[in-house]
Amino acid sequence: MSKYISRYIPNTLEQHESILEDIKKESLDDLFKDIPESLKQKGRLNIPEAMSELELTKHMEGLATKNASTDEYICFLGAGAYDHYIPSVIKHMLMRGEFYTAYTPYQPEISQGTLQAIFEYQTMICELTGMDVSNASMYDGATAAAEAVLLACNLKRRKKALASKSLHPEFREVIKTYAAFNGIEIEEVEFKDGITDVNDLENKFTKDTAAFVVQNPNFFGAIEKMEDVSRITKVSGGLFIVVVDPVSLAVLKPPAEFDADIVIGEGQALGNPLSFGGPYLGFFAVTKDLMRRMPGRIVGQTTDVYGNRGFVLTMQTREQHIRREKATSNICTNQALNALAATIYLTIMGKKGLKEVANLCIQKSHYTLEKLIETGKFTPAFTAPFFKEFVVRIKDETFTIQELNKKLLKEKIIGGYELGKNYAALKDAWLIAVTEKRTKEEIDRLGGLI
């Protein structure tokens with residue numbers, strides 16, 4: 001019997017025996033007798049011997065040091081996840097037990113703190129985007145984009161949507177995955193000089209098109225001609241879905257001013273670490289007319305019978321709350337802890353602080369482009385204005401982007417994104433991201449190593 005006792009299960013040997021006696025079993029093996037013997041593991045598993053806590057800690061630390069962390073490396077890689085500065089107060093707040101251990105606030109009367117935090121998050125997303133209503137966050141920006149397309153197609157009762165090729169490739173792939181199982185056709189619109197080709201957009205809109213999805217700043221970091229793409233979309237009777245970088249909204253016009261119907265995006269840049277790919281959060285905001293079709297939930301403000309301020313789940317359209325067939329989405333969640341990080345970040349940065357971050361990104365990214373051009377080895381890929389990312393192309397074929405990134409990694413610099421992975425016509429193109437964290441010395445060093 002002792003071989004079944006685990007250090008992680010507090011039951012004693014006597015308790016095991018008592019349980020077996022109560023259920024009239026001779027041993028734990030009797031609980032698994034319905035499993036065919038041919039499927040059971042025979043002998044020992046091919047795993048290392050047990051380690052002491054001290055040995056295990058050193059072993060895990062050794063594995064962790066093999067990762068290239070932004071704590072030790074200078075990062076010029078963006079492409080959807082960004083190395084922004086995260087104030088220390090965010091971690092201290094997130095680690096508080098009432099936030100860190102909280103789950104879905106099914107009982108609002110005992111979840112007022114969680115609900116208020118979500119309410120404040122929703123309010124800030126609306127202020128940033130200019131939209132009327134925000135939900136309580138989603139898995140990430142890509143799934144939020146896919147949900148937006150489903151909303152549009154269901155509302156318009158059409159089975160086609162357009163997405164710009166300047167939209168993040170992973171966003172487009174997730175949209176296609178969702179669409180494939182809903183009988184929706186996704187057609188991509190070409191780009192020209194780094195932004196959506198408005199002529200191609202106009203030609204591809206038909207009476208069967210439910211929506212158009214565009215990113216601004218787009219995957220190349222370029223600023224789209226929002227007035228033009230909005231006008232074409234609206235004239236064609238489709239919903240206008242805009243993917244945004246929340247930091248850029250401190251200096252760019254909010255999507256609401258371009259008559260956007262749905263605004264979504266990745267919230268990682270708002271106080272959430274890179275974390276080697278997640279968890280992140282997707283924000284989702286709409287006009288008042290689309291509120292009841294929005295996936296997820298909405299936290300609302302109210303007063304109790306005594307007139308005290310309180311918070312409730314105003315709308316609960318997830319399948320956990322209502323009948324599955326009535327749910328607006330069966331694949332969404334509330335990334336509450338990540339959303340809380342975004343809320344704290346926006347609170348402590350304020351309008352002035354966020355604008356300063358955005359301006360630093362603009363200034364430093366443009367300085368970096370100048371330094372790379374000065375090497376004589378690159379040329380700008382596009383002439384469109386950009387925010388914190390830009391694309392350069394190699395002038396000659398003396399080296400490849402892959403070789404360049406390997407060289408930089410040896411110098412503890414994480415280089416830019418190799419666009420040839422997603423765009424055949426841009427096999428010699430390098431997507432560079434520059435946030436407020438990058439110093440002049442780091443940028444000069446990048447230029448000096450090339």
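How many helices and strands does the secondary structure of the chain come to? The count is twelve helices and 17 strands, where helices (H or I, at least four residues) and strands (E, at least two) are DSSP runs numbered from the N terminus. The model is predicted, so that local features need pLDDT of at least 70 and side-chain atom pairs count only at pLDDT 80 or more, while totals for chains, interfaces and linings use all residues. Residues are numbered from 1 along each chain as its sequence is written, and side-chain values use heavy atoms, with hydrogens and water left out.

Along the principal axes, the C-alpha atoms of the chain fill a box of roughly 80 × 60 × 50 Å. Of the 450 residues in the chain, 48% are buried; buried means under 20% relative accessible area, exposed means over 50%, and partly exposed lies in between (1.4 Å probe, protein chains only). Pro 255 is buried, at a relative accessible area of 2%, and is located in the loop between strand S8 (239-244) and strand S9 (262-266). The C-alpha atoms of Pro 255 and Ala 339 are separated by 21 Å, the two residues being 84 residues apart along the chain.

Helix H10 (residues 336-374) and helix H12 (residues 440-449) have axes that come within 9 Å and cross at roughly 25 degrees. Axes are lines fitted to C-alpha atoms, for helices over the stretch in contact, and angles run from 0 to 180 degrees between N-to-C directions. The crossing of H10 and H12 is right-handed, meaning that the near helix is turned clockwise from the far one by less than a right angle.

Side chains of opposite charge can pair when their charged atoms come close. With a salt bridge taken as a side-chain nitrogen of Lys or Arg within 4 Å of a carboxyl oxygen of Asp or Glu, the count comes to 21 salt bridges. One of them joins Glu 120 and Arg 309, at 3.7 Å from N to O. This pair links distant parts of the chain, since Glu 120 is in helix H5 (residues 112-129) and Arg 309 in strand S12 (residues 309-316), 189 residues apart. Glu 120 is partly exposed, with 25% relative accessibility.

Glu 190 and Lys 165 form a salt bridge whose closest N and O atoms are 2.9 Å apart. Glu 190 is in the loop between strand S4 (185-189) and strand S5 (191-192), and Lys 165 is in the loop between strand S3 (160-164) and helix H7 (169-180), 25 residues apart. Glu 190 is partly exposed at 33%, as is Lys 165 at 23%. In a further salt bridge, the closest N and O atoms of Glu 188 and Lys 176 are 2.8 Å apart. Glu 188 belongs to strand S4 and Lys 176 to helix H7, so this pair ties together parts twelve residues apart in sequence. Glu 188 is buried at 15%, whereas Lys 176 is partly exposed at 28%. Asp 83, Lys 437, Arg 438 and Glu 442 are linked in a network of salt bridges.

Ile 19, Ile 23, Leu 31, Phe 32, Ile 35 and Leu 39 make a nonpolar surface patch of about 570 Å². Patches are made of residues with over 30% relative accessible area and no salt bridge, with like charges joined within 9 Å and nonpolar side chains (Val, Leu, Ile, Met, Phe, Trp, Tyr) within 5 Å. Accessible areas come from the Shrake-Rupley method with a 1.4 Å probe; for residues, only the protein chains shown count as cover. Leu 39 lies in the loop between helix H1 (13-22) and helix H2 (53-64) and counts as exposed at 65% relative accessibility.
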